[in-house]
Amino acid sequence: MKKKLLFLSFISVGLLGFIIGALAIEPIVPAKELNLAQVELGKKLYFDPRLSKSGFISCNSCHNLSLGGTDNLKTSIGHNWQQGPINAPTVLNSSMNIAQFWDGRAADLKAQAGGPIENPGEMASTHALAINVLESIPQYIAEFKQVFGKNKIDIDQVTQAIAEFEKTLVTPNSRFDQWLLGDKDVLSVDETAGYQLFQNSGCQACHNGPAMGGTSFQKMGVVEAYDTKNPSEGLVAVTGKDTDRFRFKVPTLRNVELTYPYFHDGEAETLTEAVDVMGRLQLARNFTPEENAKIVAFLKTLTGDQPTFVLPILPPSTDSTPKPKPFE
Ligand code: HEC
Ligand code: HEC
């Protein structure tokens, strides 16, 4: 009996250790083991608007790498100026997500990348048309052949290359990471106090891991319901389980100063508002304006080195390239 108890307590200590371990925030490390040829090709494709029907919308239109990997709009603008249904999450550090999209319906970056090209409300092309465009351009044919060793371009290669490029979009070296790695002078008194409030209030229960998010799906509105006109219901769309209603992938807090507006419906315009809502709805905490300001100051230390590279110059279309249709 005693032995059994001892065994059980070992297990629970182990479990506790595991839980605390899982909740830890780790510094961001630069991407490793990348296929550099795929990265270069993927970078071109990421910026190439010819993957859209209009010839005008690229991945970078909505995930603008000059704007923290997002569009800073409540919801995105798609083909023909269509109003998007949901806020565009950042692509920065998205390789660290357990799954992609607010409801997790794509398993990984490669599975995700094919979606927007043929989504009628986004790029509004088809995979067949996108391949026709690429195969009409000799430089693309040559580069795909060099990278994948095949004579034909297919959508699998396109999404593979884009996903490999996206893995480079990580943002190490934020002031908070420098602090985590031991440089304790790098945060101000208020910023450090903000981190303490963040930890002690329980924000880390959901915003953890290197990206401080992206590790789980959690209910929006734990202690108080979230009031929104947005019809999205989160994970239930994927699992069909009623308990998954309003459970959304916890967004990353990395670079959150750059990725406004906030929440899946884009309704929170400022960090002050987002922190206030999180405190009340997730943790039953009413932060004073001073506490809120400290947490916001802390969140602004999470901005890391943004990806830098030479803007890719895209190979020109040819006489046989299918023409863009911006107004259909
Ligand atoms: C018209 C705007 C638009 C375009 C163009 C677009 N996206 Fe998105 N992207 C979104 C929106 C909106 C979402 C969130 C959709 C959802 O969760 O239901 C999203 C989600 C994502 C995510 C998931 C991030 C996360 O944290 O879950 C990734 C990665 C991504 N897009 C990459 C791309 C790539 C690569 C391309 C180009 C092939 C692209 N996007 C084109 C608007 C766009
Ligand atoms: C129970 C889990 C949970 C807790 C605890 C929690 N969050 Fe969140 N957080 C979420 C989820 C889920 C979302 C996305 C909600 C949505 O979009 O509808 C979110 C979104 C956010 C956003 C907006 C990010 C974006 O890009 O849209 C910020 C900022 C944020 N949380 C900060 C905090 C802070 C600060 C705390 C502590 C006071 C906290 N969160 C506590 C789950 C949690």
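A: Happy to! Helices (H or I, at least four residues) and strands (E, at least two) are DSSP runs, numbered from the N terminus. Threonine 272, for example, lies in helix α11. This is a predicted model, in which local features need pLDDT of at least 70 and side-chain atom pairs count only at pLDDT 80 or more, while totals for chains, interfaces and linings use all residues. Residues are numbered from 1 along each chain as its sequence is written, and chains are lettered from A and ligands numbered from 1 in the order in which they are written.

Q: Why is threonine 272 called partly exposed?
A: A residue is buried if 20 or more other C-beta atoms lie within 10 Å of its own, exposed if 12 or fewer, and partly exposed in between, with C-beta atoms placed from the backbone. Threonine 272 has 15 C-beta neighbours inside 10 Å, so it counts as partly exposed.

Q: What does threonine 272 touch, not counting residues up to four places away in sequence?
A: Threonine 272 touches Asn292 and Val296. Two residues are in contact if their C-beta atoms, placed from the backbone, lie within 7 Å.

Q: What makes leucine 45 count as buried or exposed?
A: Leucine 45, found in helix α2, has 25 C-beta neighbours inside 10 Å, so it counts as buried. Leaving aside neighbours within four places in sequence, leucine 45 is in contact with Leu51, Val158, Ala161 and Ile162.

Q: And how do you know which class threonine 321 belongs to?
A: Threonine 321 has 16 other C-beta atoms within 10 Å, so it is partly exposed. Threonine 321 is found in the segment after α12 (289–299). Not counting residues up to four places away in sequence, threonine 321 touches Val133, Ser136 and Ile137.

Q: What makes a group of residues a nonpolar core?
A: A nonpolar core is a set of buried Ala, Val, Leu, Ile, Met, Phe, Trp, Tyr and Cys residues joined through C-beta atoms within 7 Å. The largest one here has 24 residues, and Leu45, Ala130, Leu134, Ala161 and Ile162 have the most contacts inside it. The elements that give two or more residues to this core are α2 (36–47), α4, α5 (127–135), α6 (138–148) and α7 (155–166). Of these, α7 gives the most, with five residues. Apart from this core lies another, of 23 residues, among them Tyr195, Phe198, Ala274 and Ile295.

Q: Why are the buried residues of α5 said to be on the same side?
A: In α5, Ala130, Val133 and Leu134 are buried. They cover an arc of only 95 degrees around the axis, which puts them on the same side of α5. That arc is the one made by the directions from the helix axis to the C-beta atoms. An α-helix has 3.6 residues a turn, so residues three or four places apart point the same way. The buried residues of α5 pack against α4, α6 and α7.

Q: How do you know which residues belong to the shell around ligand 1?
A: A residue is near a molecule or strand if its C-beta atom, placed from the backbone, lies within 6 Å of it. There are 26 residues around ligand 1, and Cys59, Cys62, Pro89, Phe101 and Pro116 come nearest. The elements that give two or more residues to this shell are α3 (59–62) and α4 (109–118). It is α4 that gives the most to the shell around ligand 1, with five residues.

Q: What surrounds ligand 2, and which class does each residue fall into?
A: Ligand 2 is surrounded by 27 residues, the closest being Cys203, Cys206, Tyr262, Phe263 and Met278. Two or more residues of this shell come from each of α9 (189–201) and α11 (271–283), and α11 has the largest share, seven residues. Ala, Val, Leu, Ile, Met, Phe, Trp, Tyr, Cys and Pro count as nonpolar, Asp, Glu, Lys and Arg as charged, and the others, Gly among them, as polar. By that rule, the shell around ligand 2 has 19 nonpolar, eight polar and no charged residues. The shell around ligand 1 has 15 nonpolar, nine polar and two charged residues.

Q: Finally, what are the domains?
A: The protein is divided into domain 1 (36–166) and domain 2 (175–302), with bounds that come from an automatic or database domain assignment. Their C-alpha centres lie 27 Å apart. The contact takes 22 residues from domain 1 and 27 residues from domain 2.
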